[in-house]
Amino acid sequence: MNKLNISGSKCVHCGACTAACKGGALKMEAESWTISYNELLCTNCSACVKACPSRALSLQAQIRRTYVSGKNLPQVYENR
Ligand code: SF4
Ligand code: SF4
């Protein structure tokens, strides 16, 4: 799975991403006007990325490190 990155410096708080997100993973915080992201609700559809007029959003692969049992060698799994 990819994870959504939000650039706070590029965001103009227009709300287009929250409107585009049908899964409810994005919400505009009423007091701070910042975007909150719930990774568990994200389906990686990228609708928010396409809707953002400021290119403030990007989906990036998550890198997970784990260790192979008995060998203790790091393995990198890239989830796409
Ligand atoms: S990728 Fe899709 S589900 Fe995930 S936050 Fe963006 S619009 Fe919502
Ligand atoms: S669509 Fe882009 S600029 Fe608009 S609120 Fe979302 S992240 Fe910010």
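Residues are numbered from 1 along each chain as its sequence is written, while chains are lettered from A and ligands numbered from 1 in the order in which they are written. Because this is a predicted model, local features need pLDDT of at least 70 and side-chain atom pairs count only at pLDDT 80 or more, whereas totals for chains, interfaces and linings use all residues.

**View 1. Overall arrangement of the protein.** The protein has 2 helices and 5 strands, which follow one another from the N terminus as β-α-β-β-α-β-β; helices (H or I, at least four residues) and strands (E, at least two) are DSSP runs, numbered from the N terminus. Of its 80 residues, 14% count as buried, a residue being buried if 20 or more other C-beta atoms lie within 10 Å of its own, exposed if 12 or fewer, and partly exposed in between, with C-beta atoms placed from the backbone. Among contacts with a separation of 6 or more, 49% join residues 24 or more positions apart, where a contact means that the C-beta atoms, placed from the backbone, lie within 7 Å.

**View 2**

View 3. C52 lies in the loop between α2 and β4 and counts as buried because 21 other C-beta atoms lie within 10 Å. Beyond four places in sequence, C52 touches A16, C17 and L57, and its C-alpha atom is separated by 9.2 Å from that of A20, 32 residues apart along the chain.

**View 4. The largest nonpolar core.** This core has 11 residues, including L4, C17, C21, C52 and A56; a nonpolar core is a set of buried Ala, Val, Leu, Ile, Met, Phe, Trp, Tyr and Cys residues joined through C-beta atoms within 7 Å. Leaving aside neighbours within four places in sequence, A56 is in contact with I6, S7, K10 and C11.

**View 5. Two residues with positive phi.** Most residues other than glycine have a negative phi. N44, in the loop between β3 (35-37) and α2 (47-51), has a phi near 65 degrees and is partly exposed, with 15 other C-beta atoms within 10 Å. R55, in the loop between α2 and β4 (57-67), has a phi near 55 degrees and counts as exposed, with 10 C-beta neighbours inside 10 Å.

**View 6. Confidence along the chain.** The average pLDDT, the predictor's confidence in each residue from 0 to 100, is 85 for the protein, and 78% of the residues score at least 70. Over residues 74-80 pLDDT stays under 50, although the model has 15 contacts beyond four places in sequence for them. Where pLDDT is low, the predicted coordinates should not be read in detail.
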